[in-house]
Amino acid sequence: MRVPMVDLKAQYAAIKSEIDLAIAGVLDDCDFIMGKAIGKFEQAFAAFAGCRDSVGVASGTAALHLALRASGIGPGDEVICVAHTFMATAEAISMVGAVPVFVDIDPRTYCMDPEQAAAAIGERTRAIMPVHLYGHPAAMDALNTLAGRHGLRVVEDACQAHGAELPGGRRAGSLGDLGCFSFFPGKTLGAYGDAGAVTGNDPAVLERVRRLRNHGRSSKYEHDEVGFGERMDTLQAAILGAKLPHLDGWVAARRRVAERYRHALAGLDLTLPTELPGHRHAYHLFVVRVAERDRVLAHLNRQGIGAGIHYPVPLHRQPAYGDRPHRALGLAETERAAAEILSLPIYPELTEAQIDHVCATLAEALRESGG
């Protein structure tokens with residue numbers, strides 16, 4: 001039985017008529033750049049995230065980059081982040097000329113350890129960029145307290161956390177000064193190409209993001225500053241607008257898949273994902289930890305199971321940061337996680353039979369390794 005990591009065809013088949021209608025509307029209007037679907041989606045997504053406003057941009061990377069730039073982060077500054085994440089987190093810091101300072105993770109959640117973040121603050125620190133990795137929200141209360149004590153900005157990398165919540169129903173994207181989302185096709189809310197958004201409650205900062213995404217424009221031929229061509233396409237906004245009403249249901253379905261995994265994998269020699277009390281894990285990814293990870297992964301892949309690794313090489317060990325300014329502080333948990341993590345297939349359309357097949361095959365692989 002073949003089980004892909006994600007099945008976008010299954011999702012499209014379930015909502016085909018809605019998607020096709022949204023695309024047809026853009027084609028009929030021919031408003032491909034900065035069309036009306038963008039504003040409609042921005043308002044709806046801000047409401048979903050529990051924020052005053054959101055700004056649609058070209059990608060999750062653009063969201064991180066423009067959020068930092070609009071916050072006044074630049075050359076000579078340091079931004080505290082983690083190395084156990086996708087490249088775009090640190091890349092955005094480098095893009096504004098700042099220096100990423102990599103700190104260690106909480107091994108339970110794979111998110112930034114607030115104590116490690118506190119130890120990294122120095123004279124040049126201007127911001128903290130926690131990542132809600134895999135869909136579990138970071139320790140935002142502790143990080144916001146820390147940031148307030150030192151006068152730092154907090155920019156959430158929520159690119160994997162659509163619908164994730166802290167206790168009290170506080171959603172990712174509304175937990176810091178700004179939130180940054182990716183709508184890459186494989187995300188829980190995915191476009192049919194690249195797209196992203198910045199969320200927040202500060203009108204002045206969000207207005208600057210709006211200018212920066214569109215070449216620094218204040219009007220068609222007046223540019224207040226040098227900006228970028230990082231606009232969200234109208235077509236992607238229309239697709240995302242059609243998908244957004246399904247998002248809460250998709251997160252709930254992912255959580256049901258995760259619960260079935262937990263039940264079926266209980267008792268095996270592996271570490272299951274942690275969900276801290278009162279938190280709502282959005283399960284963009286279902287990540288376990290196993291010994292002899294590479295051999296187990298190869299066994300799953302040979303059996304047609306699209307398991308993977310997110311992420312095998314921490315950012316401080318990436319060739320791109322070999323000679324680029326950065327700091328890395330005590331990353332023992334990061335290194336351990338990178339050697340053991342294994343991502344299993346998870347998406348709303350995953351069937352019980354597919355889940356059971358993944359679990360049986362994983363159990364077989366663990367037996368072969370003596371687990």
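Student: Which strands does helix α4 lie across?

Tutor: Helix α4 (residues 60–70) lies across β1, β5, β8 and β9, and runs at about 160 degrees to β8. Helices (H or I, at least four residues) and strands (E, at least two) are DSSP runs, numbered from the N terminus. Angles run from 0 to 180 degrees between N-to-C directions, with axes fitted as lines to C-alpha atoms, for helices over the stretch in contact. The model is predicted: local features need pLDDT of at least 70, side-chain atom pairs count only at pLDDT 80 or more, and totals for chains, interfaces and linings use all residues. Residues are numbered from 1 along each chain as its sequence is written, and side-chain values use heavy atoms, without hydrogens and water.

Student: In what order do the strands form the open sheet?

Tutor: Strands of a sheet pair through backbone hydrogen bonds, either parallel or antiparallel. Here eight strands form an open sheet of mixed pairing, in the order β1-β9-β8-β5-β4-β2-β3-β13; two strands pair if DSSP finds at least two bridges between them.

Student: In which sense do β4 and β5 pair?

Tutor: Strand β4 (residues 125–128) pairs with β5 (residues 153–157) in the parallel sense, over two bridges. I128 has V154 in β5 as its bridge partner.

Student: At what angle do the axes of α4 and α8 cross?

Tutor: The axes of α4 and helix α8 (residues 203–213) cross at roughly 125 degrees and come within 9 Å. That makes α4 oblique to α8: angles under 35 degrees count as roughly parallel, over 145 as roughly antiparallel, 65 to 115 as roughly perpendicular and the rest as oblique.

Student: Which residues of α4 and α8 meet?

Tutor: From α4, L66, R69 and A70 meet V205, R208, V209, L212 and R213 of α8.

Student: Why is α9 largely enclosed by the rest of the structure?

Tutor: Residues are buried under 20% relative accessible area, exposed over 50% and partly exposed in between (1.4 Å probe, protein chains only). Helix α9 (residues 234–243) is largely enclosed because eight of its 10 residues are buried, among them I239 and L240. The cover over these buried residues includes α1 (8–14), α2 (16–29), α3 and α10 (247–265).

How values were computed. Contact means heavy atoms within 4.5 Å.
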